[in-house]
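Please look over the following model.

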Amino acid sequence: MLAALPLAEPDPLWALISAFRDDRRADKIDLVVGVYRDASGQTPVMRAVQQAETRLASVAASKSYRALSGNAAFNDGISRLLLGKDNEALDRQCTIQTVGGTGALRVLADFIALVSPAAMIWNTDPGYINHRPIMRAAGLGVKSFRWQDNGTGLDIDAAIADLANARTGDVVILHGCCHNPTGIDPSTEEWRRLAALCKDRGLIPLIDMAYQGFGDGVEEDARGLRHFAAELDTVLVAASCSKNMGLYCERTGAAMVIAANSGPLANIRATLERITRANYSMPPEHGAAIAACLFENPNTWLAELEESRQRVTTIRGNLADALADCGAPEKFQALRRQKGMFSLLPLDQRQMSRLREEFGVYGTANGRINIAGLLPDGVDRLAAALKAVSGAPSLARPVRASA
Ligand SMILES: Cc1ncc(COP(=O)(O)O)c(C=O)c1O
């Protein structure tokens with residue numbers, strides 16, 4: 001058996017992470033890893049999470065198996081976070097706890113493959129690096145639709161033109177907010193156009209909400225999803241608590257299926273549970289129990305999340321100011337308008353290599369940077385490096401990352 005094992009390429013992101021670790025330059029800048037960092041470069045446990053953990057430790061009664069759908073209080077809380085606490089759609093949706101946002105995507109992919117195996121999945125180009133592999137792993141076909149225009153904004157006309165080729169029953173993956181990797185989100189009017197298109201053509205939206213609270217605010221970031229929920233009979237939602245609760249390693253997320261009415265909900269739940277039962281049986285309790293505490297008593301958590309959101313927005317503004325001050329090309333000013341932790345730099349692979357080799361600035365090969373990885377003392381240096389690589393080619397001898 002093992003003789004037939006095909007060669008698996010190592011994950012390119014992890015290769016960059018090791019190259020950064022091995023780089024001996026003291027002023028290197030890591031913009032690769034997709035985690036929030038505070039102004040001291042840490043990815044701290046939120047205070048609200050620490051308080052919840054203390055409370056949970058003192059009342060823990062048993063580690064016995066829980067329900068296949070996971071923690072019921074968590075499922076209730078996250079559905080209200082996503083849809084809003086008084087949304088009528090709460091009565092026609094089914095939510096189960098999953099193993100992070102990735103687990104939610106995979107459970108929904110298996111659900112689609114079971115119910116409608118011929119459905120094509122439409123994915124933004126550029127898009128989140130793991131959407132395609134997850135959908136393909138469930139046996140589904142994947143096609144792309146354009147997202148970014150030649151500059152740095154959303155090309156809604158191109159997206160709609162490409163999606164005109166989708167057939168009834170096909171699934172369209174949309175990022176609920178803070179599009180990864182571009183940071184380019186639809187305006188209210190553009191969300192309306194996308195929803196109208198899905199409705200007219202019988203397309204099923206799958207809204208991936210991995211950064212709620214990092215764009216314009218917790219409620220504002222859900223406006224696209226809530227519009228879809230109001231307009232369409234079927235909406236799939238994958239949610240992650242990795243970023244907005246800092247629960248990365250606790251693997252806490254949710255898969256939601258919204259139906260036209262409450263009629264099919266019991267069958268939807270049973271189907272989702274059969275999918276998870278044949279995979280990991282049930283999700284881990286700890287992260288969901290923490291999240292349930294945060295939903296019950298949200299003030300400290302929401303204040304901390306707002307602090308993180310403002311830090312990301314401030315860095316975006318400071319970087320855009322520094323780029324303007326040093327005379328970098330105008331196209332970089334889009335960094336100010338884009339949302340959330342990620343932006344796709346208007347640089348090619350060669351320029352990204354120069355950033356890494358000459359300036360010790362690590363982003364992904366396709367130009368993605370994590371804005372939250374930028375510390376206050378790195379802003380001017382990054383602006384100068386971006387200006388340098390976007391101009392004439394350097395004659396300087398590159399310093400090897402592993403040197
Ligand atoms: C768009 C998007 N969806 C899903 C995920 C997966 O989230 P999780 O870490 O909770 O599995 C990520 C994580 O980076 C993401 O960016």
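## Loop, strand and interface

Gly139 counts as exposed because its relative accessibility is 57%; exposed means over 50%, buried under 20%, and partly exposed in between (1.4 Å probe, protein chains only). Gly139 sits in the loop between helix 5 (131-137) and strand 4 (141-146). Helices (H or I, at least four residues) and strands (E, at least two) are DSSP runs, numbered from the N terminus. This is a predicted model: local features need pLDDT of at least 70, side-chain atom pairs count only at pLDDT 80 or more, and totals for chains, interfaces and linings use all residues. Residues are numbered from 1 along each chain as its sequence is written, and side-chain values use heavy atoms, without hydrogens and water.

Strand 8 (residues 252-258) has 7 of its 7 residues buried, so the rest of the structure largely encloses it. Two strands pair if DSSP finds at least two bridges between them.

| Partner | Sense | Bridges | Opposite residues |
|---|---|---|---|
| Strand 2 (residues 93-99) | antiparallel | 7 | Gln93 and Ile258 |
| Strand 7 (residues 235-240) | antiparallel | 6 | Ala238 and Ala255 |

The chain divides into domain 1 (10-45 + 301-390) and domain 2 (65-296), with bounds from an automatic or database domain assignment. Together they bury about 2000 Å², 65% of it on carbon and sulfur atoms. Buried area is the accessible area (1.4 Å probe) that two parts lose on being put together, summed over both. Trp301, Arg309 and Lys339 supply 33% of the area that domain 1 buries against domain 2. Lys339 also forms a side-chain salt bridge with Asp216 (2.8 Å, N to O); the rule asks for a side-chain nitrogen of Lys or Arg within 4 Å of a carboxyl oxygen of Asp or Glu.
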